[in-house]
Amino acid sequence: MTFVKFLGGLNTIGGNIVQISQNDSRIITDFGLTQQSLTSDVKILLHEHVLPPIPDLFLPEFSSSYTHQAIFISHLHLDHTAALAYLKPDVPVYMSRETYELYHHLVEVGLAANLKLDLQVFEPNVPVKIGDLTVTGFASDHDIPGICSLLISDGKHYFAHSGDVRLFGDHYENVKKWAKKFKQLNLDLFMLEGTSFSFPDEDPKEIDQLQPDVNREVECGQRFAQLLKSTRSVPVVNLYPRNIERLLRFQAIAAANHRPIVWEPAFAHLLRHYLPTERILELANESLDQSFQVSWEQINQQPNHYAVQNSFPNLNELGNLDHFSYLHADGGPLGDYDPDYQRLKQFLIDQKASFERIGTSGHASKAEIVKVAKMVNAKETVVWHSFEPQKAESELESRGLATFLPELNCKYLFK
Ligand SMILES: [Zn+2]
């Protein structure tokens, strides 16, 4: 008998955690949080239901009844990983090789915490056996390297977790492949992210008018290229460091337009892991020891020769520029719900800088969520990772798909 228990993320964006267990074997997939806490006291975090209610994963005085267990991570966004900071060091945590490498690069340049964990690597398409259960990751498409959907089986049943997913990035082919595989397996349960159903900004009528061949990452790069050509002041771009492919794309576009990006040192170090032979320009505040370092003064002297990357914690440094245009490409803060977004807007008004959003989402549109659910066509689909899963549910039901809205911490039996 296999049990599926949802431990979080049923009506939030992120923090989705599910436990699949049989006898003495347990798989938990994804381990994120949706809120930042003022305390790191695990007992308080458990009491306040910030952490999933499994004390044996966090507290040394509790031992696990599972002989075989592991946590599998679909990708390295904090809403899928933040609870790892509280995990006991002896619980194996599996991630794809690309995710593992990204994590170590981020730690090395100071953009991620160095956690004491038993990290293990899985290769895409290669099953990993954890006691009676097996887990297989499949490369997918999201705005971060290493993203995988995850398939869990007890030998009789098949459960899958889409991870965060979209159909309009550089890797749509990956999604097609795993969706086809999942369809062939006739999944007992498909857990699908429904982020876009949280927001009212898409007309449901468009669901039947999907444009399949749009690559919005390419379009995002084209917007950047256009602005590099047309902007007379210094283009300042705000990028998210974990979206490596976009960093690489912007680096290449800026170089091709003879307006190379001057990166913050941590971003420059990160990029050098992926472009070891390329000259990556880096901001220097004081002495210019290396030929790849560029000062604010040099940028002001030749504003047509450079673009600048800036992350929000270093926003005030932009006061060093005489004139600049701010291009928001999905680094933080992301939107009005974050108080820092207002601070960013006010700073730009004070600096008389223009503001333009040029990024694109990592998440499927409503139409694409419906499409993925239909492609997989599981016996039952659960939409989670959404503020409004019931809207997704009724949309899927109206197209003949069976869905259900699970309850938090309930055990569902699969005989
Ligand atoms: Zn994500």
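Predicted model: local features only at pLDDT ≥ 70, side-chain atom pairs only at ≥ 80, totals over all residues.
In what follows, a residue is called buried when its relative accessible area is under 20%, exposed when that value is over 50%, and partly exposed in between, using a 1.4 Å probe and protein chains only. Residues are numbered from 1 along each chain as its sequence is written, and side-chain values use heavy atoms, with hydrogens and water left out.

Let us start at the metal. The zinc ion is held by four donors, namely His75 through NE2, His77 through ND1, His142 through NE2 and Asp164 through OD, at 2.2 to 2.3 Å. Donors here are N, O and S atoms within 2.8 Å of the metal (3.2 Å for Na, K and Ca), and water is not among the atoms, so sites may look incomplete. Along the chain, the spacing of these donors reads H-x1-H-x64-H-x21-D. Histidine 77 sits in the loop between β4 (68-72) and α2 (78-81), while histidine 142 sits in the loop between β8 (133-139) and β9 (148-153), so this pair ties together parts that are 65 residues apart in sequence. Helices (H or I, at least four residues) and strands (E, at least two) are DSSP runs, numbered from the N terminus.

What is the arrangement of the 4 donor atoms around the zinc ion? It is irregular, because the donor atoms subtend angles of 92 to 170°. For comparison, four donors count as tetrahedral if all angles lie between 85 and 135 degrees; four count as square planar and six as octahedral if opposite donors are over 155 degrees apart and all others between 65 and 115; anything else is irregular. Histidine 77 has a relative accessibility of 9% and therefore counts as buried. Histidine 142, at 3%, counts as buried too.

Now to the helices. Two packed helices are described by the angle between their axes and the distance between the axes. The axes are lines fitted to C-alpha atoms, for helices over the stretch in contact, and the angles run from 0 to 180 degrees between N-to-C directions. Helix α5 (residues 216-230) packs with helix α6 (residues 244-256) at an angle of about 35°, and their axes are 10 Å apart. Their crossing is right-handed; a crossing has this hand if the near helix is turned clockwise from the far one by less than a right angle, and is left-handed if anticlockwise. On the α5 side the contact (heavy atoms within 4.5 Å) includes Phe224 and Leu228, and on the α6 side it includes Phe250 and Ile253.

Helix α6 also holds glutamine 251. With a relative accessible area of 6%, glutamine 251 is buried. Not counting residues up to four places away in sequence, glutamine 251 touches Ile261, Trp263, Leu271, Leu275, Glu278, Arg279 and Ile280.

Next, a few loops. Asparagine 310 belongs to the loop between β16 (307-309) and β17 (324-329). At 2% relative accessibility, asparagine 310 is buried. A polar atom of its side chain lies 3.0 Å from the backbone oxygen of asparagine 314. Leaving aside neighbours within four places in sequence, the contacts of asparagine 310 include Val236, Asn238 and Glu264.

Most residues other than glycine have a negative phi, and most peptide bonds are trans. Glycine 332 and proline 333, however, are joined by a cis peptide bond with omega about -10°, and proline 333 lies in the loop between β17 and α9 (339-350). Asparagine 125 has a positive phi, near 70°, and its loop runs between β6 (118-122) and β7 (128-130). Is asparagine 125 buried or exposed? It is exposed, since its relative accessible area is 53%.

Conventions
Polar contact = N/O pair within 3.5 Å; in protein donor to acceptor, adjacent residues only side chain to side chain.
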